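Take a walk through this model in two stops. Begin with a metal site, then turn to a helix.

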Amino acid sequence: MKADRIIKNAKIFTSDKDRPMASALAVKDGKFVYVGDEAGLSAYEGPTTDLGGKFIMPGIIDSHVHVTMPVGFEYADLGKQIQCQDKQELLKIMSEYIAEHPGEKRYKFLFDRRFLHGEEITKEDLDAICPDAELQIQEAECHSLWVNSKLLERHGITDDTPDPVPGLSYYVRKDGHVTGNIFEGSAEVPIMLDSAMDLTDEQIDTALQRWIDFSVDVGVCCVFDSGIPGYPQFHERVYQRLRALDLQGKLPVYIDGCYVIAAHWEAEEGLKELKRFRQEYNTEHLKIHTMKIFMDGTQTLHTAALVTPYADTGETGVTAFNVEELADLLRKLNEEGLDLHLHCGGEAASRVALDAVEIVKKELGDAYHVKVTCAHLITQHDDDLGRFAKLGVFANYTPNWHADDPAPLAPILGEERVRKMYRSKTVWDTGALVTWSSDSIAFLDFMQWNPYQGMEIGMTRQITEKTRHYPFKRTAEVLPPLNERMNIEEMLLGYTINGAIQLGIENQKGSIKAGKDADFLVFDNDLLTAEQEGFSYNSPKDVYFRGKKVK
Ligand SMILES: [Zn+2]
């Protein structure tokens, strides 16, 4: 048989459990037609490359990123970063900045909540230094925002405005009055990105192109886009552009997209919209079939939902859906052939998901086929670790986080719980499908998007001076539990075939196997034996997407 490309004398990690390693492959019409040893190549002819033992792996699948949200952030400057020790100093610095830069429509600052030492900033504080223009302070973790009265007015937010998700994503109130502090995505993102709809097609394409170039360069061939909370119009706008790019042959990355809803009262409309998105935007490399829900928030803001209460407040946080509401949604998704992806920060969020799946699976038996993914899983309850495998729920971790500094979280979560974060190895060993992702909401320098950084930290649970990361992120110790460190094969499988199964494209992608898309990466060095410390500096020499050399 005539092949378009033949490679021999390579060390091929296939991610195919029936043939984990191979030394030769042949590609025709964008697909692998042969994978095996060199003897089997005798049936093929075509341009042949002897790789001299170089390492090959399947294209990487990052199964929880945000593609559409960062396009908005690309042009929405988060503002001047302020480093100071307390609230009074913060107000003074902002006030001086405003005096030195008169006439701006909106003043933006970035500030780390820790330096408030428990004090609160109110809209009155901000109105006093900025009565005539809009003012916003983005919290450094990007899960909350402080705004003045002008900005509340512009968005029509009053004491009577309902919260997008009470207790999870909301306008903080004191004695019934909004304070100007705004928590979590659905409430804050529409304000943070409120000029994104003014972007031109060219601006959107330019931002997307930067992301595409990065993805191609590191060998990410496939992603799950987990959307924008509270801002479907802009999300759709970016899908329009992605569709246009794909129709022009300019999208060498496969994107599995979503539609985001915030709470159960949005489910009906959300289903309609998700089906419309699937109808209108699906192209060869853009497929939309998944509902995305932020089930909870983040531990540091006490918006992550816990089974046992927070150590400091005694509260547990809330989930966007309860078990019955989620079970109801699962029945409808099942009927429509759609899937579900959930942000699950705390252990109660994943428990609600597991409970709902258990109910609906029991009810529907073989007729059940919704793929459910719980993402992040910062903390998980001991009793739930084995349930992912049993129920076929995907456990999606963000290994770049697996070296988080536990010290600031200890007073919030309690000593015991911070010593048991990110238990991916235990869940892997139960036989669950574990997938890896980088989850970042802004492109910036793409530091946290690097899958090799994810692999290094997933294996070491530490960030050292050898890690490709910001110096301030370095950690003194390995994050416990030590036995949650993964090995390289597990990192590679979670970034390839397991991701493909999560996205429902395992017949096309995720492993180097005859009949599948020829997405593969060539490295100068062998990833299977590479040093773990400094692994983050790896990068493919050549990248092939559907048989075409794109790097
Ligand atoms: Zn995310």
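Donors here are N, O and S atoms within 2.8 Å of the metal (3.2 Å for Na, K and Ca); water is not among the atoms, so sites may look incomplete. The model is predicted: local features need pLDDT of at least 70, side-chain atom pairs count only at pLDDT 80 or more, and totals for chains, interfaces and linings use all residues. Residues are numbered from 1 along each chain as its sequence is written, and side-chain values use heavy atoms, leaving out hydrogens and water.

Start at the zinc ion. His64 (NE2), His66 (NE2) and Asp439 (OD) coordinate the ion at 2.1 to 2.2 Å. In sequence these donor residues follow the spacing H-x1-H-x372-D. His66 sits in the loop between β8 (60-65) and α1 (68-75), and Asp439 in the loop between β21 (434-436) and α15 (451-460), so the pair ties together parts 373 residues apart in sequence. Helices (H or I, at least four residues) and strands (E, at least two) are DSSP runs, numbered from the N terminus.

Buried means under 20% relative accessible area, exposed over 50%, partly exposed in between (1.4 Å probe, protein chains only). His66 is buried at 2%. Asp439 is buried too, at 14%.

Now move to α2 (residues 87-100). Its buried residues are Lys87, Leu90, Leu91, Met94 and Ile98. They cover an arc of only 95 degrees around the axis (taken from the directions from the helix axis to the C-beta atoms), so they lie on the same side of α2. On the other side, Gln88, Lys92, Ala99 and Glu100 are exposed.
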